[in-house]
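Open your viewer and let's walk through this model together, one selection at a time.

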Amino acid sequence: MKWYLLFSVVFSSITFTLQAQQEKLPVEDFFRRPVVGQAILSPSGDMLVYEKVGSVYVGSQTVPYTDVYGVNNRFYIQHLEWLSEDVLAIQTRNKSSGKIGTMILELAYDESGVTEVRRDFIDVQGYIVDRLPNQPNAILFAQYRWNDDKVFSDVHKYPLFADKPYRFQKRSKFNANSGKIIEWVTDQGSRLRAGISYEDNKPILWSRQRESSRKMKSIWTGDEDTYFNIYGVDENNTKLWVITDYQRDKRAAVVFDLASASVTEVIYEHPERDVRSIVMAGDGQAPIAVTYLEQGRLNRYFIDPEAQRVYEVIAAQEETLNHTVFDSSADASSMIIARYGDNNPGQLLYCSKYGQACNAFESLFPWLDDVTLSNKVVFETAINDQYSIEAFLSYPAHIDLNDANSVPLIIMPHGGPIGVYDTQYLTGDVEWLVHNGYAVLRVNYRGSGGYGRDFEQQGMQQWGRAIEDDINAAVQNAFSSYAALDQDRVCLFGGSYGGYSAVMGVLREPDTYKCAVSFAGVMDLPLLFNTSSVQNNELLTEKLKEIIGDPSVQMEELKSYSPVYNAQNIQTPIMLIHGTKDRIVDVEHTWRMSHMLSMYGIEHRREIMRNSGHSFTSTDEVKQMYEWVMPFFHKHLKKPAVHRTSETAE
Amino acid sequence: MKKLVLIPLLCALSADALADRCDKYAAELAADYKSDIQALQDDFDQSLASHKRKYLKYQVDPEFTFEMVADVWKSQFDYDTHYQRFTHEILAVATNLNTDPKTQKYCKDQDTIENWLERRVDTYEKLLGRLEERIDARVELETVDDTQGLTIVSAYSYGVAPKISIVGEGVLSSFKIGPLVYDQHFEVRALDKGTYRWDRVELGFNGFALQDSNIDVAGSTSYTFYDFTDDAMVFTVTPKRLNFAGVFIFESTNHGARADLHDRSAISIKLLEEQYPYLLHRYEWHNALMPSDPFLSHYYQQRYHQEAE
């Protein structure tokens, strides 16, 4: 089941805002996590479990929601899974060590609530492969193992609630001849049917050799970086439901035939977008829909007409809002739905009776429930005969886009640059800036993910070149389309590649931008290769060469597109922020740039964040950064004072 | 520092008598403190004189006097401020014990004030010791021969790294630095030409760095270290060059430890300018970690208008 993936995609990216005229919220409020992390229906769809701020609640339309389990702040709930109608698996993860533990609870329900009957704990790292519906006292559990720096997994039949603790011994494993399979898939009879291992970034598909044997054999190998994600096995155990981009430009939902080891049917493909996921029915026995991003929001194509009908019934109840299915019972009679919109921070609904009875059981961001969110528009800009790029403009709700020069603009290029992308599900950064009266423009330039391999390829070795052309094109398009954007008050702000892009932006277009802020920005392209861990990792080095260029043969080219070697041309105020524990873009990048700027006597701000990494892990870090950034933007984006001279009428 | 004799039965005496006695006590206390500090200062000055003789004997660049070199380190250690504090301000606290309302209470609590002054003397002794050590090490760099290169040895530890060993090709080429506890190490060393490897972080016996100490280890004496041999964190020293050898970053985690060697020329330049300004131009700059990195020569050319290599 891939519900939790869908869940995290939506929730990890939603943040919300207020109108500028409303009372100012602290910056932390825009970066707090949603209250609910996961929500899953029981196999029948009658019971619901969800995680809320480290506590696990179970209930239904008739059973009051009851707190059945909780973790302290050293752990978080990683995964919830129903093993049967009354047995629940809760996987926890230690925040510092990363260690996973699996708690199994047997529950009893009555009209007063939920009580725990007994519990079991699996103290090895791994995941549940199959809940063995026909054997209620056991599950298939894959134990992670490490060998020669490779992670793989062995499957064990774990007895639930046994008197004697189960020992995960090598000789008791359930799989055989399975190489370095990391991801296991069972069929509808709960037998190990397929598995995936990886070698040199190529996925290798394994399949059961014979029905009578647990031995696996590798039947297919993808190309380097082929995406291959299995969602289920058909009832005849001959076909897999898969999302892959194998020998195709865009990821599609396909049927993969085990006998011929080939794709035999395309369930759904989108002409311009990668398919993101297959939504399986609650029992995992059939796909009911596929999802893809369109205009920066999750859209869906229904395979199961009944599920579509129920969804439409639910969506019709609030037509102005967006609805995302988080989970569904096998017959689609019950669903968990996330409902949200531009002016709605989001609620979770538990819908039963085929969508006729929906109850909101939790707000996702209750501290933002009474606030107005930013307005957003999506627009496209043609960059060549083949492609146009998507861009997202967010702006304060009180702004009329036709009201000339009424709002300053901050352009936020995303990181990556390859394979990363922005969506309409706004980030805390965007909403905080909008909350402070700025419009924010984000561009899915060439190289961004979600638009197919060729689009990604077009961004390769285009640092400071075509990628920046795309951003510029989108900016000019925005200026010509939306008069409200004040062309004399524009700054750039980004992290990682976005930080690089911000500085390259002011190098390339010094007259367009009033300032630039780089967080953890790349400033010296050859330097990205110069740590021992990169030098000793052949695969990573080759990948970096593909994305950036090869310093051994393209050094002058890399220098010419590195801010450090062009620092003397900086004419625009810039701020450089970097964490000392950044293991992806070393803090040396910022030091080099700062050194060069100082040498040329170019004024700039340099802020070093002690112990911060390539991204933030606490809202304190966010707060610290914005305590530097907001006054900087205010200084450079404030409206110039109007000097009036008195005139005498003649 | 000499322990002063406690004055008995203070509370039974009149206020004037008490004041007189405290004045006398303060005078003795100040005299003792001054004597101790002066002894430390004399030792320090004698050491500097010795280092100066050595510096003058081997001095490479007549433009830079010993005083200039010593002043760099005095500035790094904020020596003038400390000198003022330890020789005057703290002395004044002892001298004015009875006249300053904030310290009068110590007339009746002499153990506390005596211990406090003892700790101040210890602190100053350590400070002068560390300062003298760095000046000594700096003077030693005047004696570098043609088979050696000046090399920036730099590390940072996120966690406890009692000793970090760097292994060279020759028998006498290997050396250790540390301890480092959430702190950085930065020094210029004269190293023999050849290749060096950041080899291991030694936790020592029972996880403590006791191997070179005179402490008897009771019980298990298992020797613990993190081995980074396989990580191939190497640099190659070129003689008669200022070798930028990267920065070794160590981080202890719940599962063990990780380390990486970063090309941090800009950060090294900044620290060089602060700590070794008179070595900046003695030799050509060379990136001993990543010779192909163009930054050093670019920076040098832009700043000093000439090629580094």
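UniProt positions are given here in the numbering used for this model, with feature names shortened, and such annotations may be inferred rather than shown by experiment. The model is predicted: local features need pLDDT of at least 70 and side-chain atom pairs count only at pLDDT 80 or more, while totals for chains, interfaces and linings use all residues. Residues are numbered from 1 along each chain as its sequence is written, and chains are lettered from A and ligands numbered from 1 in the order in which they are written.

**Stop one.** Select residues 429–639 of chain A, which an unreviewed UniProt entry lists as "domain: Peptidase S9 prolyl oligopeptidase catalytic". The end C-alpha atoms of this span lie 22 Å apart, and 45% of the span is helix and 16% strand. Helices (H or I, at least four residues) and strands (E, at least two) are DSSP runs, numbered from the N terminus.

**Stop two.** Now show both chains: 22 residues of chain A are in contact with 24 residues of chain B (C-beta atoms, placed from the backbone, within 7 Å). On the chain A side, helices H7 (532–535), H9 (551–560) and H10 (588–599) each supply at least two residues. Of these, which gives the most? H10(A) does, with 5 residues.

**Stop three.** Move to chain B and colour domain 1 (10–140) and domain 2 (144–304), bounds that come from an automatic or database domain assignment. Their centres, taken over C-alpha atoms, are 33 Å apart. Where they touch, domain 1 of chain B brings 8 residues and domain 2 of chain B brings 6 residues. Finish on helix H2 (residues 66–76) of chain B, which holds the largest share of the domain 1 side, 4 residues.

Methods:
Contact = placed C-beta atoms within 7 Å.
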